[in-house]
Each structure stands twice: as C-alpha cells, then as structure tokens.
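The following exercises concern a single structure. Please work through each task before reading its solution.

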Amino acid sequence: MNIQNEHDEAISMACQKFDEIHSDDEPKWLKYYLSLNIAKNERKNWVVKFLIFPKPILEYNQYWDWQDDGMPLLVQIDPQTNKKSIVICGGGPIPPVVLFEAEIDINENSVIILKDTKLNQLDGSKYEINRR
C-alpha cells in the first residue's frame with residue numbers, strides 16, 4: 001500500500017472508530033467545526049486528531065464585521081475618537097482542542113484510542129466553524 005492510500009485508510013479507520021463511539025452523543029453542529037490533523041509517530045503509525053478551535057476572546061472595543069463574501073474582519077473602535085480600524089493581527093493563534101486522538105496501525109489493522117471527549121458536554125458557541 002502506498003503512502004497516500006495508507007494516509008486515507010488511517011483517516012477512514014479513525015472516522016469509523018469515532019462514529020462507532022459517538023453515534024449517540026455527537027452534536028449536530030460538530031461536523032461543521034471539526035478539523036483533522038494526521039501525522040506518523042515514532043513507531044511509524046498514523047496518529048489522527050480530531051480538532052476544534054476556540055473562538056478568540058475579543059477586547060471590549062472589538063467586534064466582527066462580516067463581509068459580503070462571508071469572511072469576517074476584526075474591527076476595533078478607538079475609545080477616544082470612535083474611529084474604526086481593522087485589526088491585522090489579534091495576537092498569536094489559539095491552540096486547538098483535541099477532541100479525539102487515535103493511533104492507527106495499518107499493518108495490524110488496529111485503532112488505539114489515545115484521547116476521547118464526552119461530546120455532549122461541549123458548548124458549540126465557544127468554537128469556530130471550520131472555514132478551511
């Protein structure tokens with residue numbers, strides 16, 4: 001099996017295991033928020049992570065201005081002049097939350113769960129929709 005097929009098979013196996021575990025508690029909104037990260041570990045097995053990204057915490061004088069193309073711009077209002085400006089960089093990236101992580105051994109056809117989260121305890125309003 002070539003590397004691309006292994007990669008795709010690892011994702012498929014992780015998704016099947018995730019669906020098997022979370023068929024009853026996966027919130028409807030979650031599929032719009034999830035991102036995947038996949039890499040090989042030191043044992044040459046694939047590790048698949050299901051990620052969600054927390055929404056940034058805005059300052060009191062900031063808000064999102066949604067453009068016609070559906071993309072948001074972060075706008076800041078100067079408290080003294082009331083002048084609006086676009087915030088180019090709002091700080092460093094917020095690290096994602098790993099909801100589910102599995103190690104996939106293609107040769108052994110096995111899935112080892114490294115991390116799992118109770119999905120029904122998540123508050124969707126605290127996370128960003130995946131726009132990638």
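**Exercise 1.** In which sense do strand 4 and strand 5 pair, and over how many bridges?

*Solution.* The model is a predicted one. Begin by locating strand 4, which comprises residues 72-77. Its pairing with strand 5 is antiparallel and extends over three bridges. Within this part of the model, Ile77 lies opposite Lys84 of strand 5.

**Exercise 2.** Determine the order of the strands in the open sheet of three strands, and identify the edge strands.

*Solution.* The order is 3-4-5, and the pairing is antiparallel. The edges are formed by strand 3 (62-66) and strand 5 (84-86), each of which pairs on one side only. From one strand to the next, the twist averages 40°.

**Exercise 3.** What distance does helix 1 reach from its first C-alpha to its last, and what is expected?

*Solution.* Helix 1 runs over residues 3-22 and has 20 residues. At 1.5 Å a residue, a span of 28 Å is expected. The helix reaches 28 Å, close to that expectation.

**Exercise 4.** Which residues of helix 1 are buried, and why do they lie on the same side of the helix?

*Solution.* First, list the residues under 20% relative accessible area. The buried residues of helix 1 are Glu6, Ala10, Ile11, Met13, Ala14, Phe18 and His22. These residues lie on the same side of helix 1 because they cover an arc of only 165° around the axis. Next, consider the face turned away from the buried side: this face carries the exposed residues Gln16 and Glu20. Finally, identify the cover of the buried residues, which includes strand 1 (35-40), strand 2 (46-52), strand 6 (97-105) and strand 7 (110-115).

Notes
Residues are numbered from 1 along each chain as its sequence is written. This is a predicted model: local features need pLDDT of at least 70, side-chain atom pairs count only at pLDDT 80 or more; totals for chains, interfaces and linings use all residues. Side-chain values use heavy atoms; hydrogens and water are left out. Two strands pair if DSSP finds at least two bridges between them. Helices (H or I, at least four residues) and strands (E, at least two) are DSSP runs, numbered from the N terminus. Axes are lines fitted to C-alpha atoms, for helices over the stretch in contact, and angles run from 0 to 180 degrees between N-to-C directions. The expected span of a helix is 1.5 Å times one less than its number of residues. Buried means under 20% relative accessible area, exposed over 50%, partly exposed in between (1.4 Å probe, protein chains only). The arc is that of the directions from the helix axis to the C-beta atoms. Contact means heavy atoms within 4.5 Å.
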